[in-house]
Amino acid sequence: MFSHLCAALALLPRCLLYPSSRGLSRACRLLSSMDAAVVRCLPGQPKLTISFSLDGSHKNMLRDQDEALGKVLARISNSIAKNQGKAKKSKKNRSQQPCEAAESAVVKLFVGGDEVPDTVPNSEAWQDGAVLQVGDVQYTVQRNAPTFTTAELPVSLMAGFPVCPKLEVEFGNLQDCEFTWFKENASSTSPEAAEEAPGRDSGWTQVGRERVHVPSNQDIGYRLKLSCTPRDGSRSGLVKELASVRAVEAGPGVCTFDNRHAYTVKEAEWPAMRVVSYNILADIYAQTDLSKTVLYPYCAPYALELDYRQNLIKKELAGYNADIICLQEVDKGVFVDSLTPALDAFGLDGVFKVKDKQHEGLATFYRRSKFRLLSSHDIMLSEALTSDSVHSELLEKVSANSALQDKILQRSTSLQVTVLEDLIKPGRKVCVANTHLYWHPKGGNIRLVQMGVAMRHLTHVISEVAAGAPLVFCGDFNSTPNSGVFQLLCEAGVPLQHADWSSFGPEESCSMEMVSTFPPLLSACGQPAYTNYVGGFHGCLDYIFIQPESMQVEQVIPLPSHQEVTTYEALPSVAHPSDHIALVCDLHWKP
């Protein structure tokens, strides 16, 4: 602020420069009333941009960094003269009177009160705090000022559900930015009214000052507007204003997760950490004709729409106050445009692993105040089986049955592996694994092979980059408690006579004794009656596995009651966004 003030003082009338508090006060008021000329200039890039508004028109100029300043100033002057000429010509046509030629506006740039010579290159001339004079108008130059490069509101807004804007800022910090929410007044419903600035418009009433806003039932039927100021510490950039496309709609009332949130009002206290595993139902599967007519015919069509379900998912995840969240069936667009902005606002960062040749995948989020991302070691299981020598023995056994081998290698099933460091006790690490195994009810043998690859890969990762780190293994394993996969994980081995080796029939059988590379793991949430509840099936398919010698279960958040799950027959429903139920538990990290 002080450098801006010094630059502006040299351009003010002498009466304002008299050393008195009144003169200084007037100078400050004049400076604060100056519009900004925003300059983006990065080392190594050939171009810079200059943006400012004049006479209601926004100017955005792209110029060479090594170009002489005089050329830019002349271009601004000529552009103004040209616009004035058009205006006078239009006036002449209306009055049929001759008009005078437009005069070129005086355009100068000052730094520290001194005029910058025309020969100085742009990269040196446009300094932060400089003053651009265009005729009688002055602008304070903001070089590389905090700027929103992305600013969007979600399309669907529901009362009682958090509205999380998608925001990306350059030269700034989202945690420093300022936010003001406005609600449309009853008398202001036209699109034109939404374009008026809230500060000067009686059609909007301030309703919030946080990054995330939760509309109330009183907001139903009215649009929202967000005014956000990008900041980096004390530096600020141009205000960005966003008006919602739709009005706030009524929510569904009580959801299946509302009672669960009573157990997760506060974050888990160190050395405990809260973990969530959740298959959120990918939109590419929810919107098929099969889903609407066969899989979920009981679900209201609007409740299968992505915008509707995302409102529920974001509220559910935010309410768990989790430290680690492992999600399956995450659409790539949902991760980028919805979950990342929302969970970032609640203090979590995330990583994504998309399935090969698919539009959905795995996402792992972690609380950045407690964890630091050290490394990722994601693999596609079928690819790793054939390319990594640590799986050569397993590959040899699978190759004995070509039909089974072909099925396994056609699968794009992935394993997401994230190594995190504890920020409260530096040096302590945890390995978080996340997967979604093959879905077919008869695919037990394929899932066993996939899990064999996964466990060996996890052993290798921990030994190489996180020695001694405990494993937290989350996912939709598509395996019930009597499956070979569950036995492999919880008993550290599965015998060759297990029924799953012949799950596809004798022609695709592949009997072998498989031993886990880990000691027996523990299902942290036990064996619920079901974690997946649809019209034609219900069963326990989802788990959070831990190493009991490294961690112990401190709390398991109760699942929704059977009455809550079946209120609308099955899942998904207007009160639940997925066909799966989230698993949530608090784990105590042993010393």
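Tutor: First, a term. Helices (H or I, at least four residues) and strands (E, at least two) are DSSP runs, numbered from the N terminus. Now the ground rules: this is a predicted model, where local features need pLDDT of at least 70, side-chain atom pairs count only at pLDDT 80 or more, and totals for chains, interfaces and linings use all residues. Residues are numbered from 1 along each chain as its sequence is written, and side-chain values use heavy atoms, with hydrogens and water left out.

Student: Okay. Where is P271 placed?

Tutor: P271 sits in the loop between β15 (240-243) and β16 (272-279).

Student: What about the bond from L571 to P572?

Tutor: That bond is cis, with omega near -5°. P572 falls in the loop between α16 (562-565) and β32 (583-589).

Student: And what is the phi of N144?

Tutor: N144 has a positive phi of about 50°, although N144 is not a glycine. Its loop runs between β7 (137-143) and β8 (147-152).

Student: Is N144 buried or exposed?

Tutor: Buried, because its relative accessibility is 17%. The cut-offs: buried means under 20% relative accessible area, exposed over 50%, partly exposed in between (1.4 Å probe, protein chains only).

Student: Now F171. What is its phi?

Tutor: Positive, at about 60°, and F171 is not a glycine. F171 lies in the loop between β9 (166-170) and β10 (178-184). At 25% relative accessibility, F171 counts as partly exposed.

Student: Switching to rings. How many aromatic pairs are there?

Tutor: There are 14 aromatic pairs. One of them joins Y296 and Y298: it is edge-to-face, with 6.5 Å centre to centre and 75° between the planes. The rule: rings of Phe, Tyr and Trp (its six-membered ring) pair if their centres lie within 6.5 Å; planes under 30 degrees apart count as stacked, over 60 as edge-to-face and the rest as tilted.

Student: Why do Y296 and Y298 count as buried?

Tutor: Y296 counts as buried because its relative accessibility is 5%. Y298 counts as buried because its value is 17%.

Student: Which rings are linked into a cluster?

Tutor: F473, F477, F486, Y543 and F545, through ring pairs.

Student: Which ring does K407 lie over?

Tutor: K407 lies over the face of F504, at 3.4 Å from the ring centre. R428 lies over the face of W589, at 4.1 Å from the ring centre. A charge sits over a ring if NZ of Lys or CZ of Arg is within 6 Å of the ring centre and within 35 degrees of the ring normal.

Student: Is C326 buried or exposed?

Tutor: C326 is buried, because its relative accessible area is 0%. C255 also counts as buried, at 2% relative accessibility.

Student: Last one. Where does V294 lie, and is it buried or exposed?

Tutor: V294 lies in helix α8 (residues 289-295). V294 counts as exposed because its relative accessibility is 53%.
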